Amino acid sequence: MNNNNSTIVFGIKGTSQPRYTIDNLKWKFVHLYGSLPTNCAVKECGGAYEATAHVKFGDKRKTNEWSLVPMCSSHNNRYNNGVRVPLRKNAKTLLVSEVRKVTDEQANQAEEKYSQE
């Protein structure tokens, strides 16, 4: 797989622990994302969006902030241990800190709007 022009992220292990849990994560993510993602963001994967994966950027960004990206369950499980993950060109990521600010009401509105799709 050619990773040129790909954003590289690293999956973060252990994010299912209670201290990292974000209630209603999927719908808070969808609210900020602006739509219901349909596919995994991993380069050359056509799998369906099934998990909101916690990642850190693997490039020279001067941030240690965690981000979220849509993934299929296979890639989410495979890459949750610090392995380099190439994302599709223009894959959309969201900061965990921003998703945490979404209210339950906003998440519920996103679920009502997009769960029919």
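Me: Which residues do ring pairs link into a cluster?

Reply: Ring pairs are read from the distance between ring centres. In this predicted model, Phe29, Tyr33 and Tyr49 form such a cluster. The structure has three aromatic pairs.

Me: How is the geometry of the pair Tyr20 and Trp66 read?

Reply: The angle between the planes decides the class: under 30 degrees is stacked, over 60 is edge-to-face, and the rest is tilted. For Tyr20 and Trp66 the planes stand at 40° and the centres lie 4.9 Å apart, so this pair is tilted.

Me: What does that pair tie together?

Reply: Tyr20 belongs to the loop between strand 1 (7-11) and helix 1, while Trp66 belongs to the loop between strand 2 and strand 3, so the pair ties together parts that are 46 residues apart in sequence.

Me: Why does Trp66 count as partly exposed?

Reply: Buried means under 20% relative accessible area, and exposed means over 50%. Trp66 has 23% relative accessibility and therefore counts as partly exposed.

Me: What sits over the ring of Tyr33?

Reply: A charge over a ring is judged by its distance from the ring centre and its angle to the ring normal. Here the charged end of Lys92 sits over the Tyr33 ring, 4.8 Å from the centre.

Me: Which residues of helix 1 are buried, and what do they pack against?

Reply: Helix 1 covers residues 25-33, and its buried residues are Leu25, Trp27, Lys28, Phe29, Val30 and Tyr33. They pack against strand 2 (51-57), strand 3 (67-71) and strand 5 (94-95), and also against helix 3 (96-99) and helix 4 (104-114). Just after helix 1 comes Gly34, with a positive phi of about 90°.

Me: How many residues has the largest nonpolar core, and which have the most contacts inside it?

Reply: A nonpolar core is a set of buried residues joined through side-chain atoms. The largest has 15 residues, and Trp27, Phe29, Val30, Leu36, Leu68 and Tyr114 have the most contacts inside it. Helix 1, helix 3 and helix 4 each supply at least two residues, and helix 1 gives the most, with five. A second, separate core has 14 residues, among them Ala41, Cys45, Met71 and Val85.

Me: What is the order of elements in the chain?

Reply: The chain has four helices and five strands, which run β-α-β-β-α-β-β-α-α from the N terminus on. Among contacts with a separation of 6 or more, 73% come from residues 24 or more positions apart.

Me: What part of the chain counts as buried, and how much area does the chain expose?

Reply: Of the 117 residues, 38% count as buried. The chain exposes about 7000 Å², and carbon and sulfur atoms supply 43% of that area.

Key:
Residues numbered from 1 in each chain as written. Predicted model: local features only at pLDDT ≥ 70, side-chain atom pairs only at ≥ 80, totals over all residues. Heavy atoms only, no water. Buried < 20%, exposed > 50% of the residue type's maximum accessible area, 1.4 Å probe, protein only. Contact = heavy atoms within 4.5 Å. Phe/Tyr/Trp six-rings, centres within 6.5 Å; stacked < 30°, edge-to-face > 60°. Lys NZ or Arg CZ within 6 Å of the ring centre and 35° of its normal. Core = buried A, V, L, I, M, F, W, Y, C linked by side-chain atoms within 4.5 Å. Areas by Shrake-Rupley, 256 points an atom, 1.4 Å probe, with all protein chains shown as cover.
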